[in-house]
Amino acid sequence: MRLPMNEAVTGLELSGIRRFTALARQTPGCVLLTLGEPEFQTPPSIKAEAMASLDKNETHYPPNNGEGYLLSALSQEAAAQNLSYSPEEIVVTCGATEALFSTLTALLNPGDEVIVPTPAFGLYESIIRLARGVFVPLDTREDRFQITRAALERAASPRTKAIILTSPNNPTGCVYTPETLDQVAALARRTGLYAVCDDVYRQLVYTEAFPRFAVRHPELREQIIVIDSFSKPYAMTGWRLGWLMADRPVKEQIQKVHQYAVVSVTSFTQRACVAALKSDAAPMRESYRRRRDLVCRRLKDMGLETVRPEGAFYVFPSIARYGMSSEEFCTQLIQKGGLGLVPGACFGAEGFVRLSYCYSEEELKEGLDRLERFLSTI
């Protein structure tokens, strides 16, 4: 008879996004608008650098935190964004996921609380629980997905250790306003909590006004961890590459978790990362903007209430008027409508569904036609 396994692991469920994607894929002819997976291929200039590194036999152990040339390039990229992080304050990670895992594991003691504005990517709650922390949702649905002082004060407690800020947001596509960021900064100044800024969609913003927490509040530098990724702006999701930046004493603790979890990222991908930083994400961004406009126009015509996304490639319409749970809605939509979306319940927000518009315009048009036909039957 075997002993029980880790309760922090056995208490977790597999990704709801993947579950509904699998259900849609098992349904013949179903159109999938479920994953945040850019339809674009990784640009040739980036792939060429990886192939060249392999040809040069750059296949041995690299430094744990990343090659010096890549850390320097990331430091320069940060400076161009009005952020000051030296190469010694950066860790190259296996995607933003590992950056989040290493960060939260390094920050949290058992019972420490992490405020997560919801709707939110389900990964946050899972990592917090694995790190023996306490997930504290801050519901933003009634405030157009922004954070108010009153809601923040209700969520905070003496056990609060951190808050996760995702702007642009997954699943809503919202961009946090200066007022939202200032409310968080006021709490951080008063309590000393850490602000974990998941900035993976920062290059996919459709508005000129885009306040970033780390840029707006440099006085909180020692409490801020900035997390970024190559996945979305450069169509490099399968490369599993990201990075984190933090004040050196904080980074030196996080790097221990990174070292013992993964040792390092692969050696022959790192010159490709430098090439990615030199490439222009604007064409992809403009393509997503056109798709955003198409989707929002169609949803409005269908009578679905939606907060217009200002970034990322997701839209999060309300389905509350149809009187069924989001899981029931999405299950019926797959089975009867031939379209895969993700229930809002997967993001801690019942009464909504997530539609990803990083798919081709042809797929989007077909999917929206199917959604309209489905809605006419319920």
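1. Asp-182 is partly exposed, at 28% relative accessibility; the classes used here are buried for under 20% relative accessible area, exposed for over 50%, and partly exposed in between, with a 1.4 Å probe and protein chains only. Its salt-bridge partner is Arg-216, and the closest N and O atoms of the two are 2.7 Å apart, where a salt bridge is a side-chain nitrogen of Lys or Arg within 4 Å of a carboxyl oxygen of Asp or Glu. Because Asp-182 belongs to helix α8 (residues 178-191) and Arg-216 to helix α9 (residues 213-216), the pair ties together parts that are 34 residues apart in sequence. Arg-216 also counts as partly exposed, at 37% relative accessibility.

2. A word on the basis of these values is in order. This is a predicted model, in which local features need pLDDT of at least 70 and side-chain atom pairs count only at pLDDT 80 or more, whereas totals for chains, interfaces and linings use all residues. Residues are numbered from 1 along each chain as its sequence is written, and side-chain values use heavy atoms, with hydrogens and water left out. Helices (H or I, at least four residues) and strands (E, at least two) are DSSP runs, numbered from the N terminus.

3. Glu-286 is partly exposed at 31% relative accessibility, and Arg-289 is partly exposed with a relative accessible area of 23%.

4. Arg-298 is buried, with a relative accessible area of 16%, whereas Asp-369 counts as partly exposed at 27%. Elsewhere, Glu-77, Arg-202 and Asp-228 are linked in a network of salt bridges.

5. Turning to the sheets, an open sheet of 7 strands has the order β2-β8-β7-β6-β5-β3-β4 and mixed pairing, two strands being counted as paired if DSSP finds at least two bridges between them. Strands β2 (90-93) and β4 stand at its edges, each with a single partner strand, so one side of each has no neighbour in the sheet. On average, neighbouring strands of this sheet are turned by 20° against each other, direction ignored; axes are lines fitted to C-alpha atoms, for helices over the stretch in contact, and angles run from 0 to 180 degrees between N-to-C directions.

6. How many of the residues of strand β3 (residues 113-118) are buried? The strand is mostly covered, with 6 of its 6 residues buried. In a regular strand the side chains alternate between the two faces of the sheet. In β3 both faces are covered, with Glu-113, Ile-115 and Pro-117 buried on one side and Val-114, Val-116 and Thr-118 buried on the other.

7. β3 pairs in the parallel sense with strand β4 (residues 134-139) over 6 bridges, and the bridge partner of Pro-117 in β4 is Leu-138. Together with helix α6 (residues 123-130), β3 and β4 make a right-handed β-α-β unit; a crossover is right-handed if, with the strands pointing away from the viewer, the path from the first strand over the helix to the second runs clockwise.

8. β3 also runs parallel to strand β5 (residues 160-166), to which 3 bridges join it, with Ile-115 opposite Ile-163 in β5. Strand β5 in turn pairs in the parallel sense with strand β6 (residues 194-198) over 5 bridges, and here Ile-163 stands opposite Ala-195 in β6.

9. A further open sheet is formed by 3 strands in the order β9-β12-β11, with antiparallel pairing. Strands β9 (314-315) and β11 (342-343) are at the edges, each with a single partner strand, so one side of each is left without a neighbour in the sheet. β11 and strand β12 (residues 353-356) pair over 2 bridges in the antiparallel sense, and Val-342 stands opposite Arg-354 in β12.
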